[in-house]
Amino acid sequence: MPSPHPPPPPPAVPLKEVRGNEEETTKQNQIGKQNSPTFTCSKFPLRSKCGWKKINRPVQVATDKHVLEKDIFLLIIRVQSPDGVKRITATKRETAAAFLKKVAKEFGFQNNGFSVYINRNKTGEITASSTKSLSLLKIKHGDLLFLFPSGLPGPSSEMETSVPPGSKACGAPTVVEDEIDQYLSKQDGKIYRSRDPQLCRHGPLGKCVHCVPLEPFDEDYLNHLEPPVKHMSFHAYIRKLTGGADKGKFVALENISCKIKSGCEGHLPWPNGICTKCQPSAITLNRQKYRHVDNIMFENHTVADRFLDFWRKTGNQHFGYLYGRYTEHKDIPLGIRAEVAAIYEPPQIGTQNSLELLEDPKAEVVDEIAAKLGLRKVGWIFTDLVSEDTRKGTVRYSRNKDTYFLSSEECITAGDFQNKHPNICRLSPDGHFGSKFVTAVATGGPDNQVHFEGYQVSNQCMALVRDECLLPCKDAPELGYAKESSSEQYVPDVFYKDIDKFGNEITQLARPLPVEYLIIDITTTFPKDPVYTFSISQNPFPIENRDVLGETQDFHSLATYLSQNTSSVFLDTISDFHLLLFLVTNEVMPLQDSISLLLEAVRTRNEELAQTWKKSEQWATIEQLCSTVGVQLPGLQEYGAVGGSTHAATAAMWACQHCTFMNQPGTGHCEMCSLPRT
């Protein structure tokens with residue numbers, strides 16, 4: 001049983017006695033303790049929030065050195081810069097020059113590369129004086145100072161009124177966002193409601209909780225839509241971040257990184273060393289609350305039907321890139337819609353259950369032509385169709401909640417495409433955040449008919465794919481696998497939350513990982529009133545890279561197309577996306593340098609510009625090449641590039657079937673290759 005009496009205290013350390021002579025009296029005056037003839041050392045010195053606390057009672061000192069240290073009052077001063085707030089330790093008697101050197105060292109500036117002010121409006125500048133101390137400048141413990149780099153303007157009333165709140169994050173580069181993003185950032189976005197005759201008890205000009213406008217990120221409103229919306233739009237998410245008291249002044253959308261930060265010199269590089277400064281944080285997968293694209297809309301059924309024709313004729317799966325534009329989706333507050341105007345089919349090898357993409361030498365040219373037509377690559381599409389009953393024309397319903405919606409390989413492919421097409425964002429320090437690139441799947445629906453489903457993968461999935469941390473499972477398409485760290489690569493831990501058999505929420509390691517945590521679904525629709533960016537023909541021009549079907553793009557197919565389309569409006573005949581690509585990319589006579597006028601005519605639907613280009617020498621040469629394949633074009637004389645007499649002389653000339661050289665009339669052999677005319 002412990003003793004009720006406490007143990008005796010240890011013997012006191014003998015202290016040096018200081019007499020109250022003139023020297024000691026001077027020291028007393030320095031530390032603010034007068035009329036104290038004898039001093040001893042206190043074991044626990046007292047401090048307050050503003051520094052050392054002065055006490056008017058005898059204290060104990062061991063030596064004169066402690067008396068001098070007591071004269072130093074430590075201060076912690078906060079300094080705010082565009083990169084954040086840092087704390088600087090100083091003393092009251094420290095000079096302004098010494099304090100500014102500490103600030104320069106802490107922020108990594110040169111001595112003359114910044115200015116520090118007492119007030120936010122750039123008043124009360126602290127100069128590098130070696131005679132003025134911080135106490136003379138009235139800088140106290142806990143004060144907030146403001147640092148502005150050289151050449152960076154400080155905040156002013158003019159800037160605050162001209163720059164919208166949250167328009168740029170701290171340290172974010174100057175970027176030019178997409179037109180749709182610039183348009184939506186200027187919209188009000190609020191959900192206006194009319195006066196409820198049963199609940200509202202005010203006049204027609206009043207507002208109450210039942211009719212006040214809602215914010216675009218209101219979850220109750222989104223959940224009561226038909227169908228319910230699980231993900232708010234990206235711009236509604238930005239409004240939510242920038243809608244607080246600070247108006248999003250310090251909002252920054254950080255991209256996730258799964259790689260070790262470079263430049264850490266405190267240890268050996270991985271795998272021999274790692275620290276908390278350079279180690280990436282663990283990732284816990286969560287359902288993304290927003291999506292960058294809220295709807296995918298094909299302009300008309302013909303665009304999708306021509307893509308599906310490949311599967312109908314071969315039974316093999318097919319792949320294509322979606323070209324279109326981003327517009328406003330008015331069914332969701334501040335929503336974005338991806339409108340698909342054409343599908344480009346790159347070189348590929350398809351079977352009944354696999355797809356292999358080949359290198360496309362024309363990819364850059366296609367993007368360039370699409371840009372001149374006012375289009376851009378907005379996504380990719382692939383088929384996953386298995387015929388169930390050929391007599392009824394039904395397909396198998398294979399993608400559902402009991403199997404999977406996207407396989408792990410498809411999620412990784414979608415993440416790779418989204419990383420290659422980032423979304424330009426002004427609130428991100430990197431200048432980009434997420435992606436608007438969408439994924440469309442043509443597969444069987446619950447009614448065993450062909451349905452189009454739209455998806456995106458989350459930003460967390462994009463980071464895992466970009467840093468090569470995610471692998472597919474071979475025997476389970478609905479599962480992915482987070483890589484383990486090796487001597488070549490450090491991989492952070494990836495977790496996800498699940499419900500066990502007892503109904504408790506548990507955290508699981510993502511080995512393996514259900515890919516449902518990475519998927520964001522997007523509605524895919526067709527308009528009631530079809531839209532036609534390009535003309536629709538009963539006998540369309542063949543699609544590229546379909547040689548396996550016997551459909552080739554050459555001058556014979558071009559001549560056949562022109563002979564079957566006898567429209568008097570030249571713009572309707574030439575407005576075919578695949579035809580325009582052939583005119584630019586064919587090897588016999590590519591028109592990449594002389595087709596800009598025609599592309600502008602198709603983009604603006606200007607028949608006069610199309611007629612002007614039709615009279616050019618390039619189109620006349622194309623017609624002559626078409627006539628050499630044995631197909632007579634209607635109205636060839638009308639389509640001529642020059643006057644009637646010159647055209648008549650040209651018509652008398654003949655083109656060699658072997659080298660296409662134009663020979664003078666009356667000759668039986670080609671002047672170029674010496675082969676007979678027939």
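Me: Is threonine 123 buried, exposed or partly exposed?
Reply: Buried means under 20% relative accessible area, exposed over 50%, and partly exposed in between, with a 1.4 Å probe and protein chains only. Threonine 123 has 33%, so the residue is partly exposed. This is a predicted model: local features need pLDDT of at least 70, side-chain atom pairs pLDDT 80 or more, while totals for chains, interfaces and linings use all residues. Residues are numbered from 1 along each chain as its sequence is written, and side-chain values use heavy atoms, leaving out hydrogens and water.

Me: Which side chains make a polar contact with threonine 123?
Reply: A polar contact is a pair of N or O atoms within 3.5 Å; within protein, one must be able to donate a hydrogen and the other to accept it, and residues adjacent in sequence count only if both atoms are side-chain atoms. Here the side chain of asparagine 119 is joined to that of threonine 123 at 2.8 Å, and the side chain of asparagine 121 also makes such a contact, at 2.8 Å.

Me: Where is threonine 123 placed?
Reply: Helices (H or I, at least four residues) and strands (E, at least two) are DSSP runs, numbered from the N terminus. Threonine 123 lies in the loop between S5 and S6.

Me: What is the strand order of the sheet?
Reply: Two strands pair if DSSP finds at least two bridges between them. The open sheet has four strands in the order S4-S3-S6-S5, with mixed pairing. Strands S4 (84-91) and S5 (114-117) each have a single partner strand, so one side of each lacks a neighbour in the sheet.
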